[in-house]
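This briefing is intended to be read with the sequence and the structure at hand.

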Amino acid sequence: MVTVKRRHCDAGTIFVIELLIKQKIMKIAVIGATGTIGKAVAELLKEKGHEVIEASRSSNPKIDITEPLQIDRFFDQVGEVDAIVSATGSAAFVALDKIDADDIQLSLHSKLMGQINTVRKGLKKLKPNGVIVITGGILAYNPGPQTAMIAMVNAGLEGFTRGAALDLTEGRRIVVVHPPWVMETATALGMDAKNCPDAATVAKAYLDAIEGQQNGVPIFVEGYLPA
Ligand SMILES: NC(=O)c1ccc[n+]([C@@H]2O[C@H](COP(=O)([O-])OP(=O)(O)OC[C@H]3O[C@@H](n4cnc5c(N)ncnc54)[C@H](OP(=O)(O)O)[C@@H]3O)[C@@H](O)[C@H]2O)c1
């Protein structure tokens, strides 16, 4: 909603126009809200005045995206929402010649299927004009050594997003954010983090995804487009 206030100054010659953009307060479930990215996203959304349900396997209500029944239970407890952010899911960071069946299972079951099931089930509680934001990663475009599993899943999530958008109704949207390596994570992994955005910067891409109008497309952190 946009309110325009017009104040007439004493001199009578200057009109000051104030545009007060009153944002709609949204109820937003952030899954992975204790993690590096999810915590920054939750903080930013709360700063913006939104009602944030901070969820993970250790929250109350809790959600484990690898357990379809738990996803159902979570959304039943939370009720209708304006937005769902998924900033979670694991995929194996392993060299091609070391990939085993467990690595494939983990990657497909957690980051790919976990988020797809979150979308399927969360959609039942997503209000018209609501948005679901899932998380891929820029390795879908710019993989490095040992990232075949991660690149596969991220690309799969983008394909899912493009297709799923076509089936959404009543203004609902879905987007996938592809973060680059986050500074905090790269540092923890002993990588050179000097060109990585911090989690607070990455969180802005999620805010853009929620507040914007994009549907069925990948969203990148500003300044970190695929090479
Ligand atoms: N960090 C990066 O550099 C980076 C870059 C590109 C893409 N990504 C992607 O961004 C997402 C988040 O990464 P992150 O580094 O922020 O992760 P993180 O720091 O490891 O945090 C993961 C979050 O998800 C929760 N979680 C873990 N497994 C879960 C499950 N099965 N169901 C529900 N919640 C679960 C964790 O809390 P509990 O343990 O309490 O459940 C925690 O809140 C992942 O998909 C990752 O691949 C990360």
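Helices are DSSP runs of H or I with at least four residues, numbered from the N terminus. The model is predicted.

**Ligand surroundings**
- Of the 27 residues around the ligand, those that come nearest are Gly32, Gly35, Ser56, Arg57 and Thr88.
- By residue class, the shell comprises 15 polar, nine nonpolar and three charged residues.

**Helix α1**
- From its first C-alpha to its last, α1 reaches 17 Å with 12 residues, close to the 16 Å expected at 1.5 Å a residue.
- Its buried residues are Ile37, Gly38, Lys39, Ala40, Val41, Ala42, Leu44 and Leu45.
- The cover over these buried residues of α1 includes the strands β3 (27-31), β4 (51-55), β5 (81-86) and β6 (126-135), together with α6 (199-211).

**Strand β7**
- Strand β7 (residues 173-178) is largely enclosed by the rest of the structure, because six of its six residues are buried.
- Arg173, Val175 and Val177 point one way from β7, whereas Ile174, Val176 and His178 point the other way.
- β7 pairs with β6 in the parallel sense over five bridges, and Val177 in β7 is the bridge partner of Thr135.
- β7 also pairs with strand β8 (residues 218-220) in the parallel sense, over three bridges; here Phe220 in β8 is the bridge partner of His178.

Conventions
Residues are numbered from 1 along each chain as its sequence is written. This is a predicted model: local features need pLDDT of at least 70, side-chain atom pairs count only at pLDDT 80 or more; totals for chains, interfaces and linings use all residues. A residue is near a molecule or strand if its C-beta atom, placed from the backbone, lies within 6 Å of it. Ala, Val, Leu, Ile, Met, Phe, Trp, Tyr, Cys and Pro count as nonpolar, Asp, Glu, Lys and Arg as charged, and the others, Gly among them, as polar. Helices (H or I, at least four residues) and strands (E, at least two) are DSSP runs, numbered from the N terminus. The expected span of a helix is 1.5 Å times one less than its number of residues. A residue is buried if 20 or more other C-beta atoms lie within 10 Å of its own, exposed if 12 or fewer, and partly exposed in between; C-beta atoms are placed from the backbone. Two residues are in contact if their C-beta atoms, placed from the backbone, lie within 7 Å. Two strands pair if DSSP finds at least two bridges between them.
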